[in-house]
Amino acid sequence: MSAKKTLSAEQRRALLATPAGWLASGFGSGLAPVAQGTFGSLAALLPWLWLRELSLPIYVVILLAGFALGVWACTAAGRALGVDDHRSLVWDEFIGQWIALLPLLVLPAPWCWIVVGFALFRLFDVWKPWPIRWLDRRVKGGFGVMIDDVIAGVFAALVLALAIFLLR
């Protein structure tokens, strides 16, 4: 298996030994044996249920702070693991998923749209259309871990908003 896909016992201990590792691993959700990004995105839905009750300006401040914390945490965790963008680092999925669901804060829609937003984010995160794939390949470190999922979240949010608007 690739170094980006598996964790040795030593790497797991190093990851979970620091607050940066806990955050970068999505509070442990990135330690799933398979589909770490999907598990991270699913775990992101739990805090989102609370975040959606906030005002839009506060939500955006939390997104920005979460992005900055993610850059720091993913940089530190990547160094601890010795792998720049390991699959277990899923804080980027949290931020990307929260961006993808942003339209649900301003466009009233039934709960099933949460599932649509989740699916759209996963689609863009896995598919990686331009510029997501370009960023994923060229931008490294914690910023590189985070930025491609931010753009995937923006793409998903735009499609989600358009779908809700057109289907109302």
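What follows is a chat about charged side chains and a nonpolar patch in a predicted model.

Student: How many salt bridges does a search of the whole structure find?
Tutor: The search finds 5 salt bridges in this predicted model. As background, side chains of opposite charge can pair when their charged atoms come close.

Student: OK, which residues are linked in a network of salt bridges?
Tutor: The network links Glu-93, Arg-122, Asp-125, Lys-128 and Asp-148. Within that group, the side chains of Arg-122 and Glu-93 meet in a salt bridge, with N to O at 3.8 Å. Arg-122 lies in helix 7, which covers residues 112-127, while Glu-93 lies in helix 5, so this pair ties together parts that are 29 residues apart in sequence.

Student: And are those two, Arg-122 and Glu-93, buried or exposed?
Tutor: Arg-122 is buried, with a relative accessible area of 13%, and Glu-93 counts as buried too, at 6% relative accessibility.

Student: What about Asp-148, what does it form a salt bridge with?
Tutor: Asp-148 pairs with Lys-128, and the closest N and O atoms are 3.3 Å apart. Because Asp-148 lies in helix 9 (residues 141-167) and Lys-128 in the loop between helix 7 and helix 8 (132-138), the pair ties together parts that are 20 residues apart in sequence. Both Asp-148 and Lys-128 are buried.

Student: Which residue does Arg-52 form a salt bridge with?
Tutor: Arg-52 forms one with Glu-53, where the closest N and O atoms are 3.6 Å apart. Arg-52 counts as partly exposed, at 36% relative accessibility, whereas Glu-53 counts as exposed, at 61%.

Student: New topic: which residues make the nonpolar surface patch?
Tutor: Leu-56, Val-60, Leu-64 and Val-106 make that patch, which has an area of about 340 Å².

Student: Which helix gives the most to it?
Tutor: Helix 4, residues 56-81, gives the most to the nonpolar patch, with 3 residues. Leu-56 is found in helix 4, and Leu-56 is partly exposed, with a relative accessible area of 36%.

Definitions and conventions: Residues are numbered from 1 along each chain as its sequence is written. This is a predicted model: local features need pLDDT of at least 70, side-chain atom pairs count only at pLDDT 80 or more; totals for chains, interfaces and linings use all residues. Side-chain values use heavy atoms; hydrogens and water are left out. Patches are made of residues with over 30% relative accessible area and no salt bridge: like charges are joined within 9 Å, nonpolar side chains (Val, Leu, Ile, Met, Phe, Trp, Tyr) within 5 Å. Accessible areas come from the Shrake-Rupley method with a 1.4 Å probe; for residues, only the protein chains shown count as cover. A salt bridge is a side-chain nitrogen of Lys or Arg within 4 Å of a carboxyl oxygen of Asp or Glu. Helices (H or I, at least four residues) and strands (E, at least two) are DSSP runs, numbered from the N terminus. Buried means under 20% relative accessible area, exposed over 50%, partly exposed in between (1.4 Å probe, protein chains only).
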